[in-house]
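Trainee: I would like to learn how to read helix contacts and ring pairs. Please show me the structure first.

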Amino acid sequence: MITVGLIGKTNVGKSTFFSAATLVDVEIANRPFVTIEPNVGMAYVKTLCVHNEFKVKCSPRNSICIGDYRFIPIKLVDVAGLIPGAHEGRGLGNKFLDDLRKADVLIHVIDASGSTNEEGVPVEPGSRDPEEDIKFVEDEINEWFISIIKKDWEKFARVTDLGNKDPIDALLSKLSGLSINREQIIQSLKESKLENVKFMQWSEEDIRRFGITLRQISKPIVIAANKDDIPIARKNIDRLKEKYKFLIPTSAEAELALRKAAKNGLIDYIPGEKEFKIKTSNLPEKQRKALDYIKTNVLDVYGNTGVQQAINEAVFGALNMITVFPVEDERKLTDRNGNVLPDAILIKKGSTPKDLAAVIHSDLAKGFLYAIDARKKIRVGENYQLQDRDVIKIVSSLAHG
């Protein structure tokens with residue numbers, strides 16, 4: 001399961017974002033984890049389901065279907081607050097960085113209105129530049145990566161180079177606590193122009209460049225520019241959007257209010273949509289005003305509250321994932337128990353049917369023969385690149401349990 005780390009200083013709306021993202025009142029039969037710690041919850045990425053296209057009613061197992069959409073669970077970790085010097089152990093620095101280790105991607109919640117200072121204390125809107133918070137958090141996480149790489153570097157470089165050890169394996173072992181894979185190390189060495197340089201020849205600057213590149217590749221950051229309903233925030237968002245690739249205007253408070261109202265049966269609302277529908281004629285005046293405010297200052301301006309969009313951007317944008325629907329019967333689109341379109345699998349863009357087989361069960365991959373594209377009704381080989389929302393049957397000589 002993909003793990004998204006939620007980071008940010010105090011009073012920026014991080015807890016509100018976490019509450020809004022995890023407030024989906026549904027039960028999944030094949031629940032990925034039952035015991036949820038206080039700062040860990042289940043959120044969902046949202047994609048169009050294929051049931052309308054195939055004119056079937058799906059019976060999902062590992063995900064849920066609401067309206068036209070499939071919601072696929074991911075793990076959301078609300079990481080301890082960050083202060084300057086965290087990479088040196090200041091404040092809750094060590095706890096913060098331990099929680100970060102397990103994350104595949106980070107969502108950094110910032111106060112786009114500039115109404116909290118560097119310590120998270122409320123100040124006049126516009127008096128703090130939110131870009132300062134973006135830079136400070138990135139710097140802290142980069143420094144943490146660099147410090148892990150630099151630790152005992154001379155000894156590590158000497159043992160690896162003189163022992164003719166595989167440099168990728170050596171780095172993989174050294175950085176094993178950071179949930180980093182071989183491909184990320186290879187890509188980072190290439191982008192740092194260090195792929196053919198012996199470790200003993202790396203300068204201090206080389207180590208820093210590699211550390212920052214590896215962080216960007218292995219723990220990309222999506223920025224949730226929160227409090228976007230405050231007028232000054234719009235100017236800041238327009239300015240920052242030009243500089244930061246993954247920046248989403250967000251109102252966590254609006255999303256939480258909409259999800260709570262939907263849970264209480266007052267409105268119809270699908271997370272991430274641009275509108276909601278009031279279901280009752282006797283809505284209290286206070287709530288009607290609050291909903292009007294959300295519509296006028298958030299939905300009409302940005303088209304959504306940004307919470308669902310930030311999660312989607314983290315998974316489909318920063319992590320470059322796609323959704324594939326594996327089935328055992330390509331005609332009926334069912335598994336062996338007759339469940340229609342039972343699973344929605346998140347997999348890296350560029351993956352093959354054999355990669356998909358390995359995600360489902362190692363035996364399927366070992367005995368992989370070919371796959372069937374249920375949409376085109378054709379066989380595809382192990383070199384076929386899976387497309388987003390493909391419906392695929394794996395044919396293998398080895399059955400799985």
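Trainee: Which residues of α5 meet α6?

Mentor: Contact means heavy atoms within 4.5 Å. Helices are DSSP runs (H or I, at least four residues), numbered from the N terminus. In this predicted model, local features need pLDDT of at least 70, side-chain atom pairs count only at pLDDT 80 or more, and totals for chains, interfaces and linings use all residues. Residues are numbered from 1 along each chain as its sequence is written, and side-chain values use heavy atoms, with hydrogens and water left out. Here Trp153, Phe156 and Thr160 of α5 meet Pro167, Ala170, Leu171 and Lys174 of α6.

Trainee: How are two packed helices described?

Mentor: By the angle between their axes and the distance between the axes. Axes are lines fitted to C-alpha atoms, for helices over the stretch in contact, and angles run from 0 to 180 degrees between N-to-C directions. The axes of α5 (residues 153–162) and α6 (residues 167–174) come within 10 Å and cross at roughly 145 degrees.

Trainee: What is the geometry of the ring pair of Trp153 and Phe199?

Mentor: Rings of Phe, Tyr and Trp (its six-membered ring) pair if their centres lie within 6.5 Å; planes under 30 degrees apart count as stacked, over 60 as edge-to-face and the rest as tilted. The structure holds seven such pairs. Trp153 and Phe199 are edge-to-face, with 5.3 Å centre to centre and 65 degrees between the planes. Trp153 lies in α5 and Phe199 in the loop between α7 (182–191) and α8 (204–218), so the pair ties together parts 46 residues apart in sequence.

Trainee: Which residues do ring pairs link into a cluster?

Mentor: Trp153, Phe156, Phe199, Trp202 and Phe210.

Key
Helix = DSSP H or I, 4+ residues; strand = E, 2+ residues; numbered from the N terminus.
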